[in-house]
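Here is a briefing for a reader meeting this structure for the first time. Please look over the sequence and the model before reading the points that follow.

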Amino acid sequence: MSSALIARIFFFYGLAFFCMGLAILLELGRISDQRLRNALRMLTFFGLVHGSHEWLEMFQRLELLPGQLTQPLVWQSGRIAILAISFLGLAGFGILLLMDRDRLRKWRWAPVLLMALIWVIGLLAIRSSSLDRKSTRLNSSHSSVSRMPS
C-alpha cells in the first residue's frame, strides 16, 4: 500500500478517537452519576491522546516529523510512550466503571499503576538487551581487529 493511502487511514482512525474524546468531553456536564462521570473522564483522556498518537503515526509514515530521520529513536520512544499512556487511560476507564464505590476505593489506581510499572520494566528490559547486543558486537569487532596481524 502506498504511504498516502496509509496516511489517510491513520488520519480517519485518529479522527474517530479524537472526536469520541471530544464528544464525551462536551457531554460530561450532563451526566448526573458521579461514578460514570469520573470513568468517562478517563475515556475522554484515552480518546484525545490515542487520536493524537494515530496522527503522530501518520506524520511519521509521511516523514514529516522534524528530526525524524536524524533521531528516529527519540520519535519512536515518544510515540510508544504516548500509546502506552493512552492505554493507561483506557484501563483507568474500565477500572473506575467496574469498581464498587465504597469497597477498595483507595486501591482504585493500583491496577493502572501496576500496568505502568510492567510497561516501564518491559521497556527497560528491551533497552538493556539492545545495549547488551551492541556491546557484544563492539567487543567482537574489537577482538577481531586486535587479532589481525600487523
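Over the protein chain the mean pLDDT is 85, and 84% of the residues reach 70 or more. Where pLDDT is low, the predicted coordinates should not be read in detail.

**Helix α1 against helix α2**

- Helix α1, which covers residues 3–27, and helix α2, which covers residues 34–61, have axes that come within 7 Å and cross at roughly 160°.
- Because angles over 145 degrees count as roughly antiparallel, α1 and α2 are roughly antiparallel to each other.
- The crossing of these two helices, α1 and α2, is left-handed, and their contact consists, by class, of 18 nonpolar, 8 polar and 3 charged residues.
- L25 is a residue of helix α1, and with a relative accessible area of 43% L25 is partly exposed.
- The C-alpha atom of L25 is separated by 8.9 Å from that of F45, although 20 residues along the chain lie between the two positions as a sequence separation.

**Helix α2 against helix α3**

- The axes of α2 and α3 are 8 Å apart, and the two helices pack at an angle of about 160°, which makes α2 roughly antiparallel to α3.
- The crossing in which α2 passes α3 is left-handed, and the residues of this contact divide into 19 nonpolar, 8 polar and 3 charged.

**The loop between α2 and α3**

- E63 is found in the loop that lies between α2 and α3, and with a relative accessibility of 54% E63 counts as exposed.
- The phi angle of E63 is near 55°, which is a positive value in a residue other than glycine.
- As background to that value, most residues other than glycine have a negative phi.

**Helix α3 in itself**

Technical notes: Residues numbered from 1 in each chain as written. Predicted model: local features only at pLDDT ≥ 70, side-chain atom pairs only at ≥ 80, totals over all residues. Heavy atoms only, no water. Axes fitted to C-alpha atoms, helices over the stretch in contact; angles between N-to-C directions. Helix = DSSP H or I, 4+ residues; strand = E, 2+ residues; numbered from the N terminus. Parallel < 35°, antiparallel > 145°, perpendicular 65-115°, else oblique. Left-handed = near helix turned anticlockwise from the far one by under 90°. Nonpolar A, V, L, I, M, F, W, Y, C, P; charged D, E, K, R; others polar. Buried < 20%, exposed > 50% of the residue type's maximum accessible area, 1.4 Å probe, protein only. pLDDT = per-residue confidence, 0-100.
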